[in-house]
Amino acid sequence: MKHLAILALTFILIHFALPAFSEEVKPENQLGIYEKLDQYISDDLVFTDELYNQVNLKKSIDKPTILVLVYYECPGICSPLLNGLADAMDKSDIELGKDYQVYTISFSHTEKPPLARQKKKTYTKLVKHGDTQNAWKFFTGDSITIAQLFDDVGYKVKKEGKEYIHPGAIMVLSPEGKVTRYLYGSAYFLPFDIKMAVVEAAEGRSGPTINKVLNYCFSYDPEGQKYVFNVTKISGSLILLLAGSLLFTMVMKGRKRKNKISKA
Amino acid sequence: MTEATLPQPNFFQAKKGIASWIFTLDHKRIGLLYLFSIGTFFVVAAGLGVLMRLELLNPGRDLMDPQTYNQVFTLHGVIMIFLLIIPSIPAVFGNFALPLLLGTDDVAFPKLNLLSWWLYVIGAFFALGTLVYGEGSADTGWTFYAPYSVKTGTNVTPTVLAAFILGFSSILTGLNFIVTIHRLRTPGMGFNQMPLFVWSLYATAWIQLLATPIIGITLLMIVAERVFGIGLFDPSIGGDPILYQHLFWIYSHPAVYIMALPAMGIVSEIIPTFAQRTIFGYKAIAYSSMAIAFVGYFVWGHHMFTSGMSGPAGFIFSILTFFVAIPTAIKVFNWVATLYKGSINIQVPLLFVLAFIFNFMIGGFTGLVLGSLAADVHVHDTYFVVGHFHYVMFGGAVFAFFGALHYWFPKIWGKMYHKATANVAFVLLFVGFNVTYFPMLILGLQGMPRRYYDYLPEFHRLNMVSTFGSWIMVSGLIIMIVNLFVSWKNGAKAPDNPWNGITLEWQTSSPPPLHNFDKMPELPEGGPYNYPNAKSYQE
């Protein structure tokens, strides 16, 4: 009876403790992606393409559009991300320009079209088929428009010194400018992931994110964060020490002499 | 008849009532408690798997919306991994058979053993609770990366806590087994006279003991980050999110060997019994278990090839991963060599074990494809990974589990199952399994991404084949479960040693008495699998 009472109490405690553990951290402090599936981008987002043309994003979207938010001077994952995307686009059997288009937008308002042009030259070379010239655009814009776009698609970055800490992902918009899919990753995309996302976007269907392994582009200061490694080092040594002493004791003590089984 | 001479009632008869079960200190009863809890979870998770295959029968939405599909596969994965495969063989058959195999009356710490089961139950409650309470964690897959990465350090806390509680159950079982093996072997049984299943439990126990605390430390670090704002994993406060992945996989990869090693131990137990032959390369098999446990610690990085790893690190992890193949291959060669020229008695347990070898080989070879850096980047996150994983886990560990269940069934319940029905169930399971999962390997190579509720029309035919296979498999499963259940209730009485085995558990009555042996078991001369000698003691 006593046992059962303790048991019941444990389960009641767990029942009440669990929601407390699951409480939300306020998202505004956090960088990352806050998915806005099925929401439309604003009507008045005007960015400048690599040829200094002013382009209204929503009006110019007439087919499924892959949206890539990076900054061109990023020393981290932006280049591998664009390389990975180009690689997957190249392997995919859907046609750039006919089935879909790609908009790369810099979220650093200090970056200008000449740099965008340079980047376009680098990345469009990697895609052998499709109309890379007209269907893969590289935009820059002012800080207000960028902030608005961030809000529309739920993207949060943090400036640190000259660099940004930001998530690595691409988004897919339907021909009406609706967010239909987030694909997380920083260097490897499956051609079929891209194709599925484009096919879905063409039909205006959205899909919840499949693989939420979100990568960040960040700089990490191992010198300033030594305590992290100390934590892991100390606890690791402790575990090994304990396990070692257990083994030592066991080997030294050997088999238990007394055996309860009687020799019948 | 042995019954007449039995002074003690068997362990079922010793005490009655529900409390005598859930608070029992008897290792055999605890093993059965695990069997029933794990069995229940297995049926639920297998049902979810069948639902997923049903959704994938045709492209487009048939049965459930994408969100539900994500939740279903998460639940399927979490239950199967954390509540079934990790504890399965050590918790059920380790508990039931280890003291019997060692010729002793119980494990070293019976109360700790009961605590392990309770922790398992509480951990299961937590793990499933995280999927219900809060939001966002139900659709993440079993690695739980998402809540961490999307809302840093939120829902991951109860989830890691669940893994920690379940892990603690695992640590305590491991500790118990280590001490039992060192201290309670019957007189005359040295380490090199132990049955190989005991060796594999020993290697597994060390993994449990050493790897599981890491998930505990991870939990403490997450709490430190959330409560004190110390930047450990969150990049916005100077932390390193990759560190979380490292810590997760430092635990979770060795956990794969917690699942695989005991299965290999079962194979090493069943093969010599049904070949009536000394096992080939006893020491090689025993030490290769330890080698797998050791090397298994250093290969976690191969789960992170695509999440930002330097070239040299990737190269080293790739090479180390290949090293695991060596002790594994040693075992396979030794098993096959044991069968060579043996007096093979084809019975259901042996069939399951042979299926294990076949499936595990496919799982192993496809694992090499994934372990090699260059190939992995092309097939990662495709159905190839799903196929590989199921070949190792289901085709490997779970088939070995079924083998063990049929092997020790007469010992546990003192009844014999209907052999012909068991054969039919086996054939359906084996055929169904391969028809379900082999197409996944091909689909993966063709580039079909995993985790979608939908797919492009070019993948339709193979998906249909796979779903059809799942029906065959489920019918096999149902027949097997019903057969075992009916035999448990109404089966013919089994002799104490139906397979002519010579390990010590066959020297006691079936079911064994509460204290396992009425008289001191006699060690077979010349090692645990020296069969010619065994025949003399049988008579």
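In the predicted model, helix H5 (residues 88-102) of chain B packs against helix H10 (residues 241-275) of chain B at an angle of about 45°. Their axes lie 8 Å apart. H5(B) is therefore oblique to H10(B). On the H5(B) side, the contact involves B:Ile89, B:Pro90 and B:Gly94. These residues meet B:Pro262, B:Ala263 and B:Ile266 in H10(B). Five residues of the contact of H5(B) with H10(B) are nonpolar and one is polar. None is charged.

A second pair joins helix H3 (residues 27-55) of chain B and helix H17 (residues 460-490) of chain B. Here the packing angle is about 155°, and the axes are 9 Å apart. An angle over 145 degrees counts as roughly antiparallel, so H3(B) and H17(B) are roughly antiparallel to each other. The crossing of H3(B) with H17(B) is left-handed. H3(B) contributes B:Ala46, B:Val50, B:Arg53 and B:Leu54 to the contact. From H17(B) come B:Ser466, B:Thr467, B:Ser470, B:Val474 and B:Leu477. The contact of H3(B) with H17(B) comprises five nonpolar residues, three polar and one charged.

Chain B as a whole contains 18 helices and two strands. Its C-alpha atoms fill a box of roughly 70 × 55 × 45 Å along the principal axes. The radius of gyration of chain B is 23 Å. Of the 539 residues in chain B, 60% are buried. Among contacts in chain B between residues at least 6 apart in sequence, 82% link residues at least 24 apart.

Methods: Residues are numbered from 1 along each chain as its sequence is written. Chains are lettered from A and ligands numbered from 1 in the order in which they are written. This is a predicted model: local features need pLDDT of at least 70, side-chain atom pairs count only at pLDDT 80 or more; totals for chains, interfaces and linings use all residues. Axes are lines fitted to C-alpha atoms, for helices over the stretch in contact, and angles run from 0 to 180 degrees between N-to-C directions. Helices (H or I, at least four residues) and strands (E, at least two) are DSSP runs, numbered from the N terminus. Angles under 35 degrees count as roughly parallel, over 145 as roughly antiparallel, 65 to 115 as roughly perpendicular and the rest as oblique. Two residues are in contact if their C-beta atoms, placed from the backbone, lie within 7 Å. Ala, Val, Leu, Ile, Met, Phe, Trp, Tyr, Cys and Pro count as nonpolar, Asp, Glu, Lys and Arg as charged, and the others, Gly among them, as polar. A crossing is left-handed if the near helix is turned anticlockwise from the far one by less than a right angle, and right-handed if clockwise. The radius of gyration is taken over C-alpha atoms; the globule rule is 2.2 Å times the number of residues to the power 0.38. A residue is buried if 20 or more other C-beta atoms lie within 10 Å of its own, exposed if 12 or fewer, and partly exposed in between; C-beta atoms are placed from the backbone.
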